[in-house]
Amino acid sequence: MQTVYEAAGGADFFLLLASAWHARATTDEVVNHAFSHGFHPEHTRRLAAYWAEALGGPTAYSESYGDETSVVRMHSGNGPHEDMDRRAIACFDQALTDAGLAGDSRLRKVLHDYFAWTTTVTMSRYSRSAEDVPEGLPLQKWSWDGPVDGS
């Protein structure tokens with residue numbers, strides 16, 4: 001069966017999607033707060049690699065940039081932020097359209113569900129402190145059926 005990564009169009013699509021999401025997120029009046037202290041110059045490339053790996057693509061993120069622990073720590077210790085999460089998800093949904101994914105409702109829904117899950121569950125799990133994030137977390141994977149056990 002084709003992976004979500006393959007169905008979406010591979011690396012080129014995820015780079016386009018990450019660029020579209022980044023553009024939307026950094027101009028959103030609530031979500032842009034997450035970027036107010038700056039961001040890595042390779043943010044969109046790293047984000048694209050992270051999403052690609054999580055959705056069945058190559059392991060470029062884990063091999064070049066870090067593990068799930070490092071990603072979750074970057075998003076931890078900021079307290080609850082449900083409004084920002086909702087707006088980030090809305091930016092993602094708009095970015096899907098910006099990246100040319102308007103027609104494939106199944107793929108669009110899977111990508112939306114993945115982003116909503118990782119935003120509201122994975123990245124929000126340690127809102128109290130980044131120090132609470134355990135070492136060695138495996139990168140969280142997602143398939144057509146949702147979270148992949150054991151990741």
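In the predicted model described here, Leu-17 is in contact (heavy atoms within 4.5 Å) with Trp-51, Phe-92, Ala-95, Leu-96 and Ala-99, its neighbours within four places in sequence being left aside. Residues are numbered from 1 along each chain as its sequence is written, and side-chain values use heavy atoms, with hydrogens and water left out. Because the model is predicted, local features need pLDDT of at least 70 and side-chain atom pairs count only at pLDDT 80 or more, whereas totals for chains, interfaces and linings use all residues.

The chain contains seven helices and two strands, taken as DSSP runs numbered from the N terminus (helices H or I, at least four residues; strands E, at least two). In order from the N terminus, the elements run α-α-α-α-α-α-α-β-β. Of the 151 residues in the chain, 42% are buried, that is, under 20% relative accessible area with a 1.4 Å probe and protein chains only.

Leu-17 is also among the residues with the most contacts inside the largest nonpolar core, which has 40 residues, the others being Phe-13, Phe-14, Trp-21, Trp-51 and Leu-111. Such a core is a set of buried Ala, Val, Leu, Ile, Met, Phe, Trp, Tyr and Cys residues joined through side-chain atoms within 4.5 Å. At least two residues of this core are supplied by each of α1 (4-8), α2, α3, α6 (82-98) and α7 (105-122).

Helix α2 (residues 11-27) packs against helix α3 (residues 43-54) at an angle of about 125°, with the axes 8 Å apart; axes are lines fitted to C-alpha atoms, for helices over the stretch in contact, and angles run from 0 to 180 degrees between N-to-C directions. The two helices are therefore oblique to each other, a class left after angles under 35 degrees (roughly parallel), over 145 (roughly antiparallel) and 65 to 115 (roughly perpendicular) are set apart. The contact involves Phe-14, Leu-15, Leu-17, Ala-18, Ser-19, Trp-21 and His-22 of α2, together with His-43, Thr-44, Arg-45, Leu-47, Ala-48, Trp-51 and Ala-52 of α3.

Technical notes:
Buried < 20%, exposed > 50% of the residue type's maximum accessible area, 1.4 Å probe, protein only.
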